[in-house]
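Student: I am new to this structure and would be grateful for a close look at one end of it. Could you please begin there and then connect that part to the rest?

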Amino acid sequence: MDSTPLNWEALDALIIDFARSENLIEDSFSSSPPSSPSPSPSSLSSSSYHSRLIIRQIRRSLESGDIDCAIDLLRLHAPFILDDHRLLFRLQKQKFIELLRKGTPEDRVLAIRCIRTVLAPCALDAYPEAYEEFKHVLLAFIYDKDNQTSPVTYEWCESRRFDIAGLMSSVLRAHMQAYDPVFSMTLRYLISIHKGFCFREGVLSPISDLTERLLLDERDPPATPKESLHEAPPFDEVDIQALAHAVELTRQGAIDSLRFTKGDLFHAFQNELCRMKLDLSVLDELVREYCIYRGIVDSGRGALSGMQNRSSSLKVDQSELEYCSSRNCSLEVDYATSKLSDGTETDLRYSLEPTSNREDCSTSDSIHVGNSRTLQVNKNRGIVERSKRKRWRGRHDDRELRDLSYSGCSKQEVSTTTVASTTMSKEQQNLEKHLPLESTGKDDKYEIVLGIRELASKRLAAEVVEEINAVDPKFFAQNPILLFQLKQVEFLKLVSSGDYSSALRVACTHLGPLAADDPSLLKQLKEALLALLLPNEDILGKGFPINALANSLQVAFGRRLGIEEPQLMKLMKTTLYSHSEWFKLQMCKDRFESLLKIDSLKEVNPPLLSTTAGLLKSNSDSSTPGSSQVAKSSGARTTGDGSSPTQASSRDACDENAILKVMEFLALPRADAIHLLAQYNGNAEMVIQQIFA
């Protein structure tokens, strides 16, 4: 399966927003306690961090069967839930079952009190079937939880906890607008479309093992509208079908979702996306790997600080040290008791990892990491250079959720918690202060690659070539196009500065010979020389895709040093390709791609080697009225939704109302409806008659 070019900078922005919104990163030398959230004020998803934390705590309480704790949190943070007798009845019914599950005489008495004072009154006006459910659940007094043939087996099942927890999460999320970060929703959507595309086309997904681990099959129950809202006016069929096919709902499910949001399509879409469950541990690891690769977080101590709050601890004994020595392993600091030089005790763990895995990743003996000037500069900068990056702190849901529970505690308890958190923060800072600045061999390679990308993004092409040749003299022999592009940047930079003699020297010494060896570069060489016709033009500053070149260098040279692209990159490229192909089949534009920033992810710069010709052409067009219109009309035909002319003509032969009618009556995807209509000259009634004949 092919992949789609990706706008790395747009993905960086989404990833950083996600990491900040979920409180996964912090400044390398932040003085605040690790548990304090640091949301981005410019992001709606970040501002809802505290609300999402509350929902997680309520969810955990319900999943563990602690209904009283969940009700207390609801009363404190979301009292409107308890005013809805439909939801209150379900909560109290589960509380009744949990009291009986404990099995003690005291809890049995409490269960009887629960049905008398709360459950029975709620059953009278919760919803039409509530009273019958109330009478049915009373059978739990007679039939034990271990009786697998009883009529109340389902009520006793512990999966009921997860059902009600999911329902409450859906309702709370919608009412509090505590949606997950945009990147999290985008991933759900793209993976869902990718799976549907692969199933329809009958092809195997190259990322199936990753998508299966990341996006789980089960969903939270939907938040249902109140009975009074069922009198809402009919919604636009376009909205119903768009929502139904975007998140795999039945038509009635899409209508109910729209009723809950009073017709707001985009809120309904976000509600449905957030019902899909992601494995957060897998997602966090993918994000962390990407952040290290892109230099967003520190690769060494950032990883260490993220591990410091795990519950287990190990100590290294003599046998482990002997094993490490015999197997050529290195010891990586991770968790066992250790003392810092100032006497502060902290928890570390030691993990055994073969040195060869970390220091000998290169693919060639000709690579000399020690020759890197960039690496030496970064080491000289030391702690100042590292402080520019964020520190990966990871998830601390247990601690942060515990802090939420202290809202009803005494001042003394809260004070104790705060002191403990502050102490932990100081220990973490002391640990970082005494960590050695020397990095592992793999860390050195990361620093080199990131340094080269930074040089390239600053248009320092000559310095990039010098740095790469110092580390790997054979690299450009295997990547002549990258060398050509770098020399093109150097050439254009000299032309823009007015140094034509030096520019021509670069062209004669490098661009010419490279084009002679590869005739496919001759066209690009001619286009580069056109820059001489644009005196005093800042070509590199006018849409020149310098970031695309910097990213290409990072990928190619990183792979040369044994650093592969992060898994998240492969996931995004593949799913974006599936998204594009899917909507070509649907012959329409995705109504939700702007909301999820999918359009930004696909906004890749124009080809690097055609920029000069494009600038020259734009100047020519501006001086010749009407020429741009002629050029556009004579170019390749495209449609507004990205479909091909053949697809567009097939779609145009069918009336939009006819397409929607077939989709509605036959519950078909848009592409199938269009193909059927094309067979019957766009007559929807004839299509429906033939199907039901």
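Tutor: At the start of H38, the side chain of Asn683 places an oxygen within 3.1 Å of the backbone nitrogen of Glu685. Helices (DSSP runs of H or I, at least four residues) and strands (runs of E, at least two) are numbered from the N terminus. The model is predicted, so local features need pLDDT of at least 70 and side-chain atom pairs count only at pLDDT 80 or more, while totals for chains, interfaces and linings use all residues. Residues are numbered from 1 along each chain as its sequence is written, and side-chain values use heavy atoms, with hydrogens and water left out.

H38 covers residues 684-692, and Ala684, Val687 and Ile688 are buried within this helix. Here buried means under 20% relative accessible area, exposed means over 50%, and partly exposed lies in between, for a 1.4 Å probe and protein chains only. Viewed down the axis of H38, the buried residues fall within an arc of 95°, so they line one face of the helix; the arc is that of the directions from the helix axis to the C-beta atoms. Helix H36 (656-666) and helix H37 (670-679) are what the buried residues of H38 pack against, where contact means heavy atoms within 4.5 Å.

The chain as a whole gives the setting for this part. Its secondary structure comes to 38 helices and eight strands. Of its 693 residues, 49% count as buried. Among contacts between residues at least 6 apart in sequence, 73% join residues at least 24 apart.

Helix H14 (residues 251-260) also has buried residues, namely Ala254, Ile255, Ser257, Leu258, Arg259 and Phe260. Their cover includes helix H10 (159-176), helix H13 (237-246) and helix H15 (265-275). Just after H14, Lys262 takes a positive phi of about 55°.

Pairs of helices come next. Two packed helices are described by the angle between their axes and the distance between the axes. The axes are lines fitted to C-alpha atoms, for helices over the stretch in contact, and angles run from 0 to 180 degrees between N-to-C directions. For helix H1 (residues 8-21) and helix H16 (residues 280-293), the axes come within 11 Å and cross at roughly 125°. H1 and H16 are therefore oblique to each other; angles under 35 degrees count as roughly parallel, over 145 as roughly antiparallel, 65 to 115 as roughly perpendicular and the rest as oblique. On the H1 side the contact is made by Trp8, Leu11, Asp12, Ile15 and Phe18, and on the H16 side by Leu283, Asp284, Val287, Tyr290, Cys291 and Tyr293.

The loop between H1 and strand S1 (25-27) holds Asn23. Asn23 has a positive phi of about 60° although it is not a glycine, and Asn23 is buried, with a relative accessible area of 1%.

Arg391, in strand S8 (residues 390-392), is buried, with a relative accessible area of 5%. The side chains of Arg391 and Glu26 are joined by a polar contact of 2.6 Å. A polar contact is a pair of N or O atoms within 3.5 Å; within protein, one must be able to donate a hydrogen and the other to accept it, and residues adjacent in sequence count only if both atoms are side-chain atoms. Arg391 and Val297 are 94 residues apart in sequence, yet 5.4 Å apart in space, C-alpha to C-alpha.

Asn479 is partly exposed, with a relative accessible area of 22%. The axes of H27 and helix H29 (residues 522-529) come within 11 Å and cross at roughly 15°. That makes H27 roughly parallel to H29. In this contact, Phe484, Gln488, Phe491 and Leu492 of H27 meet Gln524, Leu525, Ala528 and Leu529 of H29.

H27 also packs with helix H30 (residues 546-560), at an angle of about 145° and with the axes 11 Å apart. Here Leu482, Gln485, Leu486 and Val489 of H27 meet Ile546, Leu549, Ser552, Leu553 and Ala556 of H30. Asn479 and Leu553 are 74 residues apart in sequence and 9.8 Å apart in space, C-alpha to C-alpha.
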